[in-house]
Amino acid sequence: MTVLVNLIVMVGMFVVVPAGLRLTGLPELDRIRRLWPLFAAPGAISLWLPRSPTATALALCYAVGTVALALHAPRRAVRGRDLSPAGIALLTALVTPAVAALALVAERAGHELFGFELGILALTVPHFHFAGFAAALVAGLVCRVAGSRAGRFAALSVPLGTLLVLVGYFIGDWAELAGAVVLTAGMWTVGLLTWRLGREEGRDRTTRLLLLTSAAVLVATMLLALSWAVGEATGLPHPTLTWMAATHGLGNALGFALCSLLAWQRIRDPRPSHPSPSESRTA
């Protein structure tokens, strides 16, 4: 499981966060996006080292980058910039990598932060890259395009669900289940709106496939997350953490986050169509 989780985290560090920052279209994030590999590289190296001061120091390098990113959130909030539901989703996306980095530093140091076992801290790192950053970012993008009540619900419920899951870690399993229910409702709404986007007329085949894939994957991965939370709260049989990493984690990383960001990149930067031979002769 460690190898799989580390690979998933690296996808989040090197691909998902930089691609997501580019999709925000915010000029003030250009500098941190260009510098991001300098923070992500030592963070990724720390994943593969034994727990030690060296691994902790490398993880701290990544934490510095995530904190620099997170500081943009209060600045935007204080200035009152776009506090719409989509804007709130964006603020959430800016902050969540720092939560992941905090867990990474503690886990690499062998410190059970707030009493959480090291295995839970290790899984918190990918969770807040994907269920945190990627999910909130995509929910905000979907909200802006959909412009509907469902879009606003998605943009608000995904950050709220993420926060409730985090709070549930401290309160108990039932509180975590409540967060999982809210987050699942928000993610399924994101999936529904993404599916509709994929079915729109004029969408090119690749973008359509990416959108439909990400929407379909969300149905399965969030059902797994919900079943795990129900099992933890009630004691009913539920998937193990290893199984969750191999299914829920991998599905969210590749099937949802990566496919979604690639699709949105194509939507934002459509490639010019090549003229047909007849058009070329006419020209």
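Predicted model: local features only at pLDDT ≥ 70, side-chain atom pairs only at ≥ 80, totals over all residues.
The expected span of a helix is 1.5 Å times one less than its number of residues.

Helix 6 covers residues 118-146, and its 29 residues should span 42 Å. Its end C-alpha atoms sit 40 Å apart, which agrees. There's a bend along the way, of about 35° at His127. Buried here means under 20% relative accessible area, and 23 of the 29 residues of helix 6 are buried, so the rest of the structure largely encloses this helix.

Now for the charged pairs.

| Salt bridge | Closest N and O atoms |
|---|---|
| Asp30 and Arg33 | 3.7 Å |
| Arg203 and Glu200 | 2.6 Å |
| Arg266 and Asp204 | 3.0 Å |

The Arg266 and Asp204 pair ties together distant parts of the chain, 62 residues apart. Arg266 belongs to helix 10 (residues 241-268), while Asp204 lies in the loop between helix 8 (173-198) and helix 9 (205-234). Arg266 counts as partly exposed at 28% relative accessibility, and Asp204 is partly exposed too, at 34%.

Salt bridges with shared partners also join Arg51, Glu107 and Arg108 into one network.

Asp30 and Arg33 are both in helix 2 (residues 30-48), three residues apart, so about one helical turn separates them. Asp30 is partly exposed, at 28% relative accessibility, and Arg33 is partly exposed at 25%. As for Glu200, its 36% relative accessibility makes it partly exposed.

How values were computed. Residues numbered from 1 in each chain as written. Heavy atoms only, no water. Helix = DSSP H or I, 4+ residues; strand = E, 2+ residues; numbered from the N terminus. Bend = angle between axes of the 7 residues up to and from the residue. Buried < 20%, exposed > 50% of the residue type's maximum accessible area, 1.4 Å probe, protein only. Salt bridge = Lys/Arg side-chain N within 4 Å of Asp/Glu carboxyl O.
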